[in-house]
Amino acid sequence: MDRLAIYRIYRIVWMSVKFFLQVTLFQRRYKGRWTPVTNEKWERLVTKQAKEYKRTALKLGGLMIKMGQFLSTRADIMPPSFIAELEGLTDRVPAVPRKDAIALLEEEWNTSHSDYVENLSDKPVASASIGEVYKGTLKDGTPVAVKIQRPDIDRILRADFRAMKIVIWLVKRFTAFGKQIDFNLLYSEMVNTIGAELNFLQELQNGRNFADRFEEMPGVRFPVYYDEFSTRRVLVMEWIEGARITDLAFIDANGLNRRDLSERLFRLFLEQVLDGGQFHADPHGGNILIKPDGTIVLIDFGMVGSISKEEARSVLKVVEGILFKQYDQVIDGLEELRFLLPHADRRVLADAISRVVAAYESQELTQMDSFVVDRLLADIKTIVRTQPVQLPAEFAFFGRAVSTFVGVLHVLDPKVDLLAIARPRVLEWVAKQRGGEKSFSKDDAVRIALNAIGPLRALPQKIVNYLDEPARMREYMQIRDVGLEVERSKLQTRMFAGIVGVISLVTIFFGVWDEHIPLIATSGFFFLIAAFIFRLS
């Protein structure tokens, strides 16, 4: 039943819609009233959702596991209880029967597995969404990890992507996100990137590229791969003893410094971006190992992305602008990366960015102040609705990788200051770029001087922002009160129509599956009415 396409589609779509409605209702109900009691209720809600998601993901596998890996690493925004519920999805997915895995292995090798590998473990040492890893020994005594693709995983992923297409259609139809994201291009990017994981030979090549690229970086290792035993669905690599980077007990037991680990790990990821090239697109805790001596081991290169040198320079321009409070430079970088369409209001965007950075630096975002959080969310919502902002689909997996990696850093060191860690490396990179140029222009000197006095230049603006805060608060309260009733009425109508529409759509699917013409006709009628009401509201 779990491998039946129509059943998987129904389960994924219905759960997505239910979660979205629950979160939307909660945010509307407690808007402007975020207190410790509200936060406790929020944690209970997301924990309940995490438990349901985990049950569904463990039952269905496939793409659900991939999404669970992403959510379980968001320690920077998700409650600890949520992370605890989903953490097992990273490398402890229920295994397929050993005989099925061995059958696939021998089919790929066209011989008995014992001809190449001895002492193959009775159970997989790690089980993920695409493949399972067994420990074995080569004939010469070398310990190896044998990664075997899950049987029928390609067919399962095809069904899950159909479900994702329905979810994307609903998001485009019933939310405002379709104006900021090209979901069709995003879907294609998702299919290509995740689909590439099905080719283990590509993963082998990716791993070697990373090993060659970071060969001279101290304290970092990559596994050795064996071509003669690897195929499209089987990958044989060096066995490396180590613990997950998020295993804090292991880190403390071996006397390792968490701050030092987080800084070295951040530099490893930053180096993947600075000069362009491939980056690890799935850097969750299960794919980053730590050895007792503190060596970091990066594994699983099935999902990688790429960034050009021009895009890398634009990313660094954004980072440099944030570090030195040069928000016009941040806007320039975002425009180069195509995040901003023409006619964007640079002043509004720069002001919003400066306030978010100021809130981050002063830790206002972690203090659950209802006014600060609500005002920032309102600003972001206004920008998304009124400004020509978009998310280029080719950056979707880069953004996912960044957020996943940041989540790992927050688990490793909850007090990690990303801006403080990035500042010296960015300065080093800028100095290197300047050093490689034959001439040093007057514009370069002015730019470096402005960057150097960036914090001082920001001081007057901070004073102005402080003096303007009462007026901003009054304006915010007036806008919120005027629009609250209208939004509430529209929301109720939209949600009712949306629920009826989704239920009707699911019923249509079952009608098609059962070839029940009256059920299809009745459900289709209600779906059209719901869609008409939704568009009018």
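R259 is partly exposed, with a relative accessible area of 41% (buried means under 20%, exposed over 50% and partly exposed in between, with a 1.4 Å probe and protein chains only). The structure is a predicted model, in which local features need pLDDT of at least 70 and side-chain atom pairs count only at pLDDT 80 or more, whereas totals for chains, interfaces and linings use all residues. Residues are numbered from 1 along each chain as its sequence is written, and side-chain values use heavy atoms, with hydrogens and water left out.

R259 forms a salt bridge with D413, the closest N and O atoms being 2.5 Å apart (a salt bridge is a side-chain nitrogen of Lys or Arg within 4 Å of a carboxyl oxygen of Asp or Glu). Because D413 lies in the loop between α15 (396–412) and α16 (418–435) and R259 in helix α10 (residues 258–274), the pair ties together parts that are 154 residues apart in sequence; helices (H or I, at least four residues) and strands (E, at least two) are DSSP runs, numbered from the N terminus. D413 itself is buried, at a relative accessible area of 8%. Salt bridges that share partners also join E107, E108 and R233 into one network.

The structure holds 21 salt bridges, including one between the side chains of E203 and K147 (3.1 Å, N to O). E203 lies in helix α8 (residues 200–213) and K147 in strand β4 (residues 143–149), so this pair ties together parts that are 56 residues apart in sequence, and both E203 and K147 are buried.

Of the 537 residues of the protein, 47% count as buried. When neighbours within four places in sequence are left aside, L265 is in contact (heavy atoms within 4.5 Å) with I245, I288, I296, F405, V408 and L409.

T47, in helix α2 (residues 36–60), counts as buried at 14% relative accessibility. Residues up to four places away in sequence not being counted, T47 touches S81, F82 and E85. By contrast, I499, which lies in helix α18 (residues 454–514), counts as partly exposed at 33% relative accessibility.
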